[in-house]
Amino acid sequence: MNRQAQAAVLFLVGAALLHAGFTNLYLRYVKAGLQPLLLLSGAVLIVAALATAWYEWRRARMEKAHADTHADTHGEANAEAHTEGEQHEERGHVHREPRIAWLLVLPLFALILVAPPALGSYSAVRTGTAIQQPYGLSKLPASNPLTIGLVDYATRAVYDHGRSLGTRQLKVTGFIALDKSGSPYLVRMALNCCAADAQPVKIALTGKIPPVLQPDTWLEVTGTYSAKQTKDPINNRPIPYFQVTLAKPVPTPKDPYDESWNQ
Amino acid sequence: MAITTEPAAPTTDPPQPTTDPPQQPSAPATPDASSKESPDVPANAAAKDGWQLNSPLVLTMVLLLVVLAQGPIRQALSAPVMQSWMTVFVAVVVQALPFLVLGVLLSAAIAVFVPPTFFARALPNNPVLAVPVAGMAGAILPGCECASVPVAGALVRRGVTPAAAIAFLLSAPAINPIVLTATAVAFPRNPEMVLARFAGSLLVACAMGWLWQRIGRTDWLRLPAHEPHEGETKGAAFWGSVRHDVMQAGGFLVLGAMSAATLKAVAPASWLRTAADNPVVAILALSILAVLLSICSEADAFVAASLTQFSLTAKLAFLVVGPMIDLKLFAMQAGTFGRGFALRFAPATFVLAIAGAVVTGAVLL
C-alpha cells in the first residue's frame, strides 16, 4: 500500500470512528466512557491522513525538481535511473510500507456497511450467567411500579433473597433468549470495557408470558419478585425467576449493555 | 513496499487477496470473496500490458466493489455466529484504536523530538546496571507492544546496548501507566493484580536483558543500516512515524481482533473450563492463549478478567506472556531485528515469562 492509499485509509478509519462516536453506534461495541477517546483518536487519524497527503505532495514536487536538475546535467535516461535508485535506498530499505495495513479496510467495512448489532441471544445461551456477589445494596426509590435494571433485580433476588423487593410491582427490560428446551430467559449483557468481555446476566420468566417469543426481541416485563431459582447448566450459577403479569415489546435501548459494573 | 508506481504494480496485488482469507475459516463469506477477487484478476493481467495498477486504484476498486455488493455481503453475514463474530471483531478494534493512536503519538514524539544522544547519556555505562534502568524506563513509554518494537530498534541503532534495549522492549508494553490503569479497571476487585503485573513483567524483562548480556551474540541481530528520519523536517518525521505505526500496528491489531473474535464466537466455553481445573495446565493454557490471541497489552487485561474460571496466577501468566511474546510480536521482531534473533528470542521469552509469572504469583497473589 503506498502513501496516498495509506492516507485514504487513515482518513476513512478516522471518519468511521467519528461517525461511530457521534451517533450511538459506538454503544453497541464499547462502554459509554470511551466516547471522548474515540472522538479524539478519530480526529488525530484524520489529521495524520491530511499531514501524510500534504508531505507526500511536497515530496513529489521536490523530487520532480530534483529530477529536472539532474536531467540538465546527466541527460534524461541517466537521471531517471538515478532518482529511482535513490528512492529505493531511501524508502525501500528503511520504510518498508507495511502490507499488513490492508487489513485495516476490514473493520472499516464492518463498521460502516454492516454495523453488526450488539451481542444478543446467540452469545447469551452459549455463556453462563455472570451474576456477581454485590458489595452492598443501595436503597431503592419508593416509586410504584419500580423500574429496575435486570442485573440489579437478579443480584437482589439471588443474594438478598428479594428482601428489598418484597411484593412491589417491578419493571425490567431485556432481550429474549431461549435455551435448548425452549424455556424463555430475559437477558442483559453486562460489560466492563468492550463487547469482547460482555457476559450475560439472565432471569427466567414465569407467569403470563406471551405465547410466541422471538429470540433477541426486547421486552419490558411488569411483575413481581419470585423466590423460585434455577441453575444455569453452563456454569451452575443461580438464575432467579420473575413472575410476569404484563410483557410489552420495546425498542432496543440506547445503550444495549448493562454498565453498572463500571461504577 | 509501494514506492513508485511502476515497481509497486506487481507487489501491491498479493496483499489484496490476503484481506479476505482470514474471514473464511469462520465465515461462509465465499460469495463476497469471489465477487471481490474475480474482477481483480483481469485488472492484474491488464497491469502487465502497461496498465498501472497502484494501491490507491486497488483501494478504490475494493471500496466500490464492496459498496456495490453490500446486499449479498450482508446476507452472507446474517447468520448469528457471523453477527456475533463481527460484533466482537469491531468491538476489539474500536476499543483498542484510541489507545493505539495515543501510544503511537507519544512514541513518535519521543522518537522525533528526543535527541539521539539522550538515551546513550541517560543510561549507565555498565550494561548490568543499564538493564534494570532501561527496564524501568519502559514505564514512561505509554505505548502498546506494537509501538515498543520500533522504538527498541531505534535505541539499538542509537548506540544503546542490546541487553538494555531488550529489557526496554519487554517491559514497556506491560508496565506503562496506560496498561496498568487498564489492568486496575479490569480487575476492580483485585488491585494486587496491578502490582503483580508490574513486578512480574519487570522481573522477566530484566532477566531477559541479563541473559542476553551473558549469552547473546551481536551477529544474531540484523538491524536496518539507515537512520529512519534522515533529511526530513521534524514535522514530516513525526507524522511519518505516526502514519507508519498506525498502519502497521493497526494491521496487526485487526489480525489480533480476528483471532480473538473467532475464539469468542466459535470455541465453546467448555474447552477452557477443562483446562481451568488443573492449576498447572491452566497456567500453560492461558500462556499459549496469550501467544495465539495476540491482543494489544492495553486491552488484554479485560480479556483476562473475563476468563472467570481461571486462577489469578494463570491470569497473571496471561498478562505477563501476552505483551512480551505473541504471534504478531514475533512477526514484528523478525522484521525489525532479523529472523535469527526472533527464533532464539521468542522461546526463551516464553519460558522465562511463565516462570516469572509463577514466581510473582506465588509471592503476591
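## Getting started

Two strands pair if DSSP finds at least two bridges between them. Helices (H or I, at least four residues) and strands (E, at least two) are themselves DSSP runs, numbered from the N terminus.

What you're looking at is a predicted model, where local features need pLDDT of at least 70, side-chain atom pairs count only at pLDDT 80 or more, and totals for chains, interfaces and linings use all residues. Residues are numbered from 1 along each chain as its sequence is written, while chains are lettered from A and ligands numbered from 1 in the order in which they are written.

## Chain A at a glance

Chain A has six helices and six strands.

Chain A has 263 residues, and 41% of them count as buried (20 or more other C-beta atoms within 10 Å of a residue's own; 12 or fewer is exposed, in between is partly exposed, and C-beta atoms are placed from the backbone). Now take the contacts in chain A between residues at least 6 apart in sequence: 71% join residues at least 24 apart. A contact here puts two C-beta atoms, placed from the backbone, within 7 Å.

Have a look at strand β3 (residues 184-190) of chain A: seven of its seven residues are buried, so it is largely enclosed by the rest of the structure. On one side sit Pro184(A), Leu186(A), Arg188(A) and Ala190(A), on the other Tyr185(A), Val187(A) and Met189(A), and all are buried.

β3(A) pairs antiparallel with strand β2 (residues 170-178) of chain A over four bridges, and Phe175(A) stands opposite Val187(A). The hairpin of β2(A) and β3(A) has five residues between the strands, and there Gly182(A) takes a positive phi near 95°. β3(A) also runs antiparallel to strand β4 (residues 199-207) of chain A, joined by six bridges. In that pair, Ala190(A) faces Gln199(A) of β4(A).

## Helix α4

In helix α4 (residues 105-114) of chain A, the buried residues include Val105(A), Leu106(A) and Phe109(A). Just past α4(A), Ala115(A) has a positive phi of about 45°.

## Where A meets B

Helix α1 (residues 3-22) of chain A packs with helix α5 (residues 55-68) of chain B at an angle of about 35°, their axes 7 Å apart. Axes are lines fitted to C-alpha atoms, for helices over the stretch in contact, and angles run from 0 to 180 degrees between N-to-C directions. From α1(A) come Gln4(A), Ala5(A), Ala8(A) and Val9(A), and from α5(B) come Ser55(B), Pro56(B) and Leu59(B).
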